[in-house]
Amino acid sequence: MEEARRQVTPFPAGNPPVPDRESLLAAARVAAQAAYAPYSKFRVGAVVLTEDGRLFSGCNVENASYGLCLCAERNALASAIAAGARRFTAVAVTCLDASPALGPEGRSPCGACRQWLLELAPDAIIHLDGVDRPWTSRELLPLGFVLDAGRP
Ligand SMILES: [Zn+2]
């Protein structure tokens with residue numbers, strides 16, 4: 001019985017498949033469905049993939065005190081960090097309510113999230129829904145602030 005269960009396991013332990021861009025973006029779209037965005041009406045979802053194949057998601061969480069709003073990207077990264085994850089290979093971000101007329105600037109991470117991505121996911125490939133090419137954190141934030149002294 002145990003042997004049979006092992007054979008049908010789609011994701012064998014220790015050798016997880018690498019989700020492709022579309023799978024990651026699909027997961028980000030699911031995350032965005034949970035967004036709390038009563039003020040902007042702009043639902044965002046993000047997922048981060050760890051080097052050991054774990055996927056963490058986040059959505060934007062707004063607040064009447066606008067400065068306290070939390071972006072989906074930082075939400076996903078914080079969830080992953082809280083679970084002990086430290087190295088990330090991919091990030092996917094979607095803005096469900098972005099107008100098709102918006103260019104890449106209308107569906108890319110804000111400056112604060114770019115700084116988080118640069119520090120916490122410097123080697124990750126970043127996929128933006130509706131933008132065909134992948135990005136790196138350095139491309140999104142050239143000359144971003146780095147303080148290596150405090151990094152484990
Ligand atoms: Zn942001």
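Trainee: In which kind of crossing, left-handed or right-handed, does H3 pass H4?

Mentor: The model is a predicted one. Helix H3 covers residues 72–82 and helix H4 covers residues 111–120. Where H3 passes H4, the crossing is left-handed.

Trainee: Are H3 and H4 roughly parallel or roughly antiparallel to each other?

Mentor: The two helices pack with their axes 9 Å apart, at an angle of about 30°. Angles under 35 degrees count as roughly parallel. H3 and H4 are therefore roughly parallel.

Trainee: Which residues in H4 meet those in H3?

Mentor: From H3, the residues that take part are Glu-73, Arg-74, Leu-77 and Ile-81. An α-helix has 3.6 residues a turn, so residues three or four places apart point the same way.

Trainee: By class, how many residues in the contact of H3 with H4 are nonpolar?

Mentor: Charged residues number 2 in this contact, and there are no polar ones. The nonpolar residues come to 7.

Trainee: Which elements are included in what covers the buried residues of H3?

Mentor: The buried residues of H3 are Ala-72, Glu-73, Arg-74, Asn-75, Ala-76, Leu-77 and Ala-80. Their cover includes one set of strands and one of helices. The strands are E1 (44–50), E2 (55–59) and E3 (88–95), and the helices are H2 (21–32) and H4.

Trainee: Which residue with a positive phi follows H3?

Mentor: The helix H3 covers residues 72–82. The phi in question is near 100°, and the residue is Gly-84.

How values were computed:
Residues numbered from 1 in each chain as written. Predicted model: local features only at pLDDT ≥ 70, side-chain atom pairs only at ≥ 80, totals over all residues. Axes fitted to C-alpha atoms, helices over the stretch in contact; angles between N-to-C directions. Helix = DSSP H or I, 4+ residues; strand = E, 2+ residues; numbered from the N terminus. Parallel < 35°, antiparallel > 145°, perpendicular 65-115°, else oblique. Left-handed = near helix turned anticlockwise from the far one by under 90°. Contact = placed C-beta atoms within 7 Å. Nonpolar A, V, L, I, M, F, W, Y, C, P; charged D, E, K, R; others polar. Buried ≥ 20, exposed ≤ 12 C-beta atoms within 10 Å, placed from the backbone.
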